Every structure is written in C-alpha cells, then in structure tokens.
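Biologist: Put the model up, please, and let's go through what holds it together.

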Amino acid sequence: MDQYLAYLPQSEGFLPKWLFFPTPLRKYTSLLYSNGTVPATPLSGRVFGTWTFLSAVIRMTAAYNITNSVAYDLGMWTYGIALSHFIGELVFGNASLKGRFLNPLIVASGSLAWMLTQREAYLG
C-alpha cells in the first residue's frame, strides 16, 4: 500500500489529495440533466467529457503544485466554472435541483469554498 501512497501529492493537508482524485469520466450526462425537456446530444456528451478530462488534468497539476499560485488559481477556476455551469443549467431550466445533479453542484461549491479559505495557507 505504501508504494501506491508515494504517488499521491506529498504536500501537507487533505486539499492536495482531494484535488488529485479527479471526477471520473462517466457517460451519465443525459441522467445528470434529467428534467426531460432537453435531451443530451452526443455532441454535448463529448463536450462535457472533454471539459471533465481537462479540468481533471488541471486539478491534478494543482494537487502536485499546491504552493504555486498559478496552478492553485487555475484549479480554483475549474471549480468556479463548473459551479457557474451547473447554476446556469438550473436557471435555464435544463436541470432540476434533485438526484444526480446535486452531487456535482455540492462538489463544485464545496471545493471552491475550501480552496478559497485555504489559499493563504498553501500560498503564504
């Protein structure tokens, strides 16, 4: 087990480890936006998957470079953009505040708040 733990970010605190574990790519876009009025298209699913992969790469970079202000801020931006997207889908009526949609909303808002409150601790 120790051999696997060596691959985790070695910075102190839980935030770098949290950033290391990116949201897995799943094909449940159509279930995520499940109010039934706007079906997810194959293109929107691919765009969502590409964004998820890109944000995972940025967050992993931030996890390993948690004391670098550029990497930290970019990691924070990924959660801010995701949160804006999810709130926008609620506003435009493409999603409902229930079920699977709550998970990414909670992760995005909680992670953004966590990073905002810990910024000074990691960047000094």
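Biologist: How many aromatic pairs does the count come to?

Modeller: Ground rules for this predicted model: local features need pLDDT of at least 70, side-chain atom pairs count only at pLDDT 80 or more, and totals for chains, interfaces and linings use all residues. Residues are numbered from 1 along each chain as its sequence is written, and side-chain values use heavy atoms, leaving out hydrogens and water. Rings of Phe, Tyr and Trp (its six-membered ring) pair if their centres lie within 6.5 Å, with planes under 30 degrees apart counted as stacked, over 60 as edge-to-face and the rest as tilted. By this rule the count is four.

Biologist: How many residues apart are Phe20 and Tyr64?

Modeller: These two form an edge-to-face pair, 5.7 Å centre to centre with 85° between the planes. Helices (H or I, at least four residues) and strands (E, at least two) are DSSP runs, numbered from the N terminus. Phe20 belongs to helix H2 and Tyr64 to helix H4, so the pair links distant parts of the chain.

Biologist: Is Phe20 buried or exposed?

Modeller: Buried means under 20% relative accessible area, exposed over 50%, and partly exposed in between (1.4 Å probe, protein chains only). Tyr64 comes out at 40%, so that one is partly exposed. Phe20 has 16%, so it counts as buried.

Biologist: Where does Phe101 lie?

Modeller: Phe101 pairs edge-to-face with Phe86, because their ring centres are 5.6 Å apart and their planes sit at 85°. Both residues are buried. Phe86 is in helix H5, so the pair ties together parts 15 residues apart, with Phe101 in the loop between H5 and H6.

Biologist: Which side chain makes a polar contact with the side chain of Ser111?

Modeller: Ser111 sits in helix H6, and with a relative accessible area of 1% it is buried. A polar contact is a pair of N or O atoms within 3.5 Å; within protein, one must be able to donate a hydrogen and the other to accept it, and residues adjacent in sequence count only if both atoms are side-chain atoms. At 2.8 Å, the partner of Ser111 is Trp18.

Biologist: What share of the contacts join residues at least 24 apart?

Modeller: The protein has six helices and zero strands. Contact means heavy atoms within 4.5 Å. Among contacts between residues at least 6 apart in sequence, the share joining residues at least 24 apart is 69%.
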